[in-house]
Every structure is written in structure tokens, then in C-alpha cells.
Amino acid sequence: MDCNRLVVAMTGASGSSLALALLRQLRDLPDWETHFVLSHGAEVTIDYELPGQKPEFFALADQVYDNSNIGAAIASGSFPTAGMVVIPCSMKTAAGIHSGYSDSLILRAADVTLKEGRPLVLVPRETPLSPIHLRNLYELSMMGVAIVPPMMTFYSGPQTVDDMIRHLIGKVLDRLGIPADYRRWGG
Ligand SMILES: Cc1cc2nc3c(=O)[nH]c(=O)nc-3n(C[C@H](O)[C@H](O)[C@H](O)COP(=O)(O)O)c2cc1C
């Protein structure tokens with residue numbers, strides 16, 4: 001099914017700038033509709049990492065949902081979407097998706113994305129990673145979930161943190177077949 005709706009979820013791992021960069025790039029693609037939901041933890045990390053910038057997240061999205069609204073459109077498989085990105089993805093949310101413990105809209109939307117066989121991309125952030133984190137991420141990858149951690153990339157010649165973020169967002173968009181403008185190897 002052709003569908004240009006993307007669910008973008010943000011959780012309480014460090015990396016608010018990653019979600020902001022993704023939303024900004026999607027806003028520049030007029031054919032794409034973003035359905036945005038953030039956890040309480042994400043709000044806390046925005047306050048630490050990008051104080052005062054929360055309204056910009058909401059302004060960039062086409063639809064914003066409350067994470068406690070488990071009856072929202074994106075909680076149902078009958079609402080077509082092209083997939084979902086969790087950026088950044090906390091280890092708690094990764095564990096919730098791994099176990100199917102859908103007690104929030106983010107976890108339910110991820111559960112729906114999996115059960116409908118749609119692309120699910122996680123940008124998990126923690127360091128170092130414990131055996132529990134690694135097991136969950138490994139098993140999620142075996143279920144078809146794309147695990148795209150915000151790894152630093154040097155071969156593309158980044159001059160700024162924004163350059164590294166652009167590269168990461170390009171990798172995320174590639175997994176969804178969405179046009180991405182970043183410096184590819186050999187490109
Ligand atoms: C400033 C800040 C940074 C955090 N960074 C991380 C992180 O990088 N990875 C992680 O898994 N949890 C991190 N946490 C902890 C999560 O926010 C916490 O486990 C929270 O319950 C996650 O819930 P959520 O997945 O529903 O957002 C951080 C918390 C704060 C306040």
C-alpha cells in the first residue's frame with residue numbers, strides 16, 4: 001500500500017537533537033506526513049538538552065499525539081502508515097517493544113507497526129550497553145526491526161556535530177526508502 005505517513009516517536013534517551021533534525025528534514029519533504037508522539041522522559045531530556053525548544057518539535061509535526069492516548073489513530077493497524085521511527089530510543093522503550101508491553105501510545109504504535117509487518121526503525125542510545133540491552137536489541141533485529149544507533153561517523157569528513165547528525169538521519173531515512181541528502185560512501 002502506498003502511504004506517506006510516518007510515525008515519529010521520541011523517548012527519554014539522550015539525543016533530542018536527533019529527533020529535531022529528523023522532523024526538520026521531514027518537514028522539507030512536502031509529500032510526507034509526520035505523526036509525532038513523545039514520552040514524558042523525552043520531555044525531560046528536551047528540557048536538559050534543548051531548553052525552550054519544545055514548541056518547535058510540535059510545530060514541525062503534522063499530527064501530535066499524547067503518549068497516554070492509547071485510542072489514538074496510530075494505535076490501530078487499520079490506520080495505514082509507512083512505518084515508524086523511535087528516535088532516540090531509550091533502553092526502557094526498547095525493552096517494552098521487545099516484550100510487547102504496550103502500556104503507552106509509543107509502545108502500542110510500535111507493537112502495531114510490527115504486527116502489521118511495517119518498517120520499524122529504532123535509534124537506541126545508551127553507553128555502555130548491558131547484556132540486557134544487547135539481548136533486546138539483537139532479538140529485535142532478528143524480528144526485522146532496523147537498529148540504527150547514533151554511532152559517530154568519521155569517513156564522511158564531518159566538521160560539526162550537525163554534520164554527524166545529518167549522516168545518521170540519512171541512514172534512518174534510507175531504511176524507510178525516504179529521500180535523504182547526506183554524503184554517501186562513494187557518492
Ligand atoms: C538527561 C537524561 C538523559 C538520559 N539518557 C538516557 C539514555 O541515553 N539512554 C537511556 O536508555 N535512558 C536514558 N535516560 C533515562 C530514561 O529517560 C528513563 O529510563 C525513562 O524512564 C525512559 O522512559 P521512556 O522510554 O518512556 O522515555 C536519560 C534520562 C535523563 C533525564
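Mentor: What follows begins with the whole chain, turns to the sheet strand by strand, and ends with the helices and loops around it.

This is a predicted model, in which local features need pLDDT of at least 70 and side-chain atom pairs count only at pLDDT 80 or more, while totals for chains, interfaces and linings use all residues. Residues are numbered from 1 along each chain as its sequence is written, and side-chain values use heavy atoms, with hydrogens and water left out.

The protein chain has 7 helices and 6 strands; here helices (H or I, at least four residues) and strands (E, at least two) are DSSP runs, numbered from the N terminus. Read from the N terminus on, the elements follow the order β-α-β-α-α-β-β-α-α-β-α-β-α. The radius of gyration, taken over C-alpha atoms, can be set against a globule rule of 2.2 Å times the number of residues to the power 0.38. For 187 residues a compact globule would come near 16 Å, and the 15 Å of the protein chain agrees with that. The C-alpha trace spans about 45 × 40 × 35 Å along its principal axes. Of the 187 residues, 48% count as buried, where buried means under 20% relative accessible area, exposed over 50%, and partly exposed in between (1.4 Å probe, protein chains only). A contact means heavy atoms within 4.5 Å, and among contacts between residues at least 6 apart in sequence, 75% join residues at least 24 apart.

Now to the sheet itself. The 6 strands form an open sheet in the order β3-β2-β1-β4-β5-β6, with parallel pairing. Its edge strands are β3 (63–66) and β6 (146–147), each of which pairs on one side only. Two strands are said to pair if DSSP finds at least two bridges between them. In general, strands of a sheet pair through backbone hydrogen bonds, either parallel or antiparallel.

Strand β1 (residues 5–10) has 5 of its 6 residues buried, so this strand is largely enclosed by the rest of the structure. β1 runs parallel to β2, and 6 bridges join the two; as an example to look for in the picture, R5 stands opposite E33 in β2. On from there, strand β2 (residues 33–38) pairs with β3 in the parallel sense over 4 bridges, and the bridge partner of V37 in β3 is Y65.

Strand β4 holds a detail of the backbone, for P88 is found in this strand, and the peptide bond from I87 to P88 is cis, with omega near -15°. A cis bond also joins T127 and P128, where omega is about -10°; P128, however, lies in the loop between β5 and α6 (131–142).

The buried residues of α5 are L105, I106, L107, A109, A110, V112 and T113, and what covers them includes β1, β2, β3, β4 (83–89), α4 (91–99) and β5. Just after α5, G117 takes a positive phi of about 70°. G117 sits in the loop between α5 (105–115) and β5 (120–124) and counts as exposed, because its relative accessibility is 65%. Although G117 and G77 are 40 residues apart in sequence, their C-alpha atoms are 10.0 Å apart in space.

In helix α1 (residues 16–27) we find S17, which is partly exposed, with a relative accessible area of 30%, and which touches L50 and I165. Q25 is found in helix α1 as well; at 15% relative accessibility Q25 counts as buried, and Q25 is in contact with R166, I169 and L173. In helix α2 (residues 40–49) lies T45, which counts as buried at 12% relative accessibility.

Methods: Lists of a residue's contacts leave out its neighbours within four places in sequence.
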